[in-house]
Amino acid sequence: MVYFKRSATVITCVMAGAVLSHATALSDPPVWIGTGSSQGPDVGSAQPPAPSDPQTDAARAGVLELVNNERAQHGCGALRPDGRLQNAAQRHSDDMAARSYFDHRDPDGWMPHQRVVAAGYLWRTIGENIAHGQADAAEVMAEWLSRPGHRGNILNCAYTDIGIGVHFGTDGPLWTQDFGAPL
């Protein structure tokens with residue numbers, strides 16, 4: 001997959017192929033040329049909202065509260081929930097469950113930055129945390145905060161928005177946090 005990366009004065013062609021850890025952070029959004037999955041997502045393509053239910057809503061609210069409490073203790077502003085990031089995060093959690101994988105790169109090769117653009121979020125910087133098996137918001141936050149990359153995403157003061165996804169399945173919950181700052 002090829003995308004063009006915009007910087008202050010130059011446009012560089014970059015191959016998207018590096019495997020990212022379970023906590024990823026990117027800046028300088030890709031500028032997609034063309035349409036379809038071989039060229040990246042269609043910017044602004046309409047996606048219906050991710051499904052919701054009381055258990056999922058409560059888990060998201062718990063994670064958001066814990067994230068913002070942690071950020072406040074470290075001098076960062078509170079993150080605002082963003083529906084587009086929420087859509088990307090929930091769909092990633094659901095997809096990991098449906099296709100039995102656990103990774104930032106889905107089986108089709110799509111990475112977090114592509115998923116959030118497909119959800120309509122044009123970003124200056126983004127990051128993603130994923131987790132599997134933690135029973136509730138407190139457990140998943142304790143896990144994320146114990147790992148430097150995940151903690152770094154949670155405490156990155158450049159982020160202003162968040163989307164939280166959780167899929168409750170027979171193998172335990174699959175969690176996704178998508179962080180961003182828009183263009």
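**Strands, helices and a loop**

Tutor: Pro81 stands opposite Ile162 in S7. Two strands count as paired if DSSP finds at least two bridges between them. Strands (E, at least two residues) and helices (H or I, at least four) are DSSP runs, numbered from the N terminus. This is a predicted model, where local features need pLDDT of at least 70 and side-chain atom pairs count only at pLDDT 80 or more, while totals for chains, interfaces and linings use all residues. Residues are numbered from 1 along each chain as its sequence is written, and side-chain values use heavy atoms, with hydrogens and water left out.

Student: How many bridges join S5 to S7, and do they run parallel or antiparallel?

Tutor: Strand S5 (residues 80-81) is joined to S7 by 2 bridges, and the two run parallel. S7 is also joined to strand S8 (residues 174-182), by 7 bridges, and this pair runs antiparallel. Ile162 stands opposite Phe179 in S8. The hairpin of S7 and S8 has 6 residues between the strands, and Gly172 there takes a positive phi near 95°.

Student: Why is S7 said to be largely enclosed by the rest of the structure?

Tutor: Buried means under 20% relative accessible area, exposed means over 50%, and partly exposed lies in between (1.4 Å probe, protein chains only). In strand S7 (residues 161-167), 6 of the 7 residues are buried, so S7 is largely enclosed. Across the chain, buried residues make up 45% of the 183 residues.

Student: At what angle do the axes of H1 and H4 cross?

Tutor: Axes are lines fitted to C-alpha atoms, for helices over the stretch in contact, and angles run from 0 to 180 degrees between N-to-C directions. The axes of H1 (residues 54-73) and H4 (residues 137-145) cross at roughly 40° and come within 9 Å. Angles under 35 degrees count as roughly parallel, over 145 as roughly antiparallel, 65 to 115 as roughly perpendicular and the rest as oblique. H1 and H4 are therefore oblique to each other.

Student: Which residues in H1 meet H4?

Tutor: Contact means heavy atoms within 4.5 Å. In H1 they are Ala59, Gly62, Val63, Leu66, Val67 and Glu70; the residues they meet in H4 include Met141 and Trp144.

Student: Where is Ser100 found?

Tutor: Most residues other than glycine have a negative phi. Ser100, in the loop between helix H2 (83-98) and helix H3 (112-118), has a positive phi near 50°. Ser100 is exposed, with a relative accessible area of 68%.
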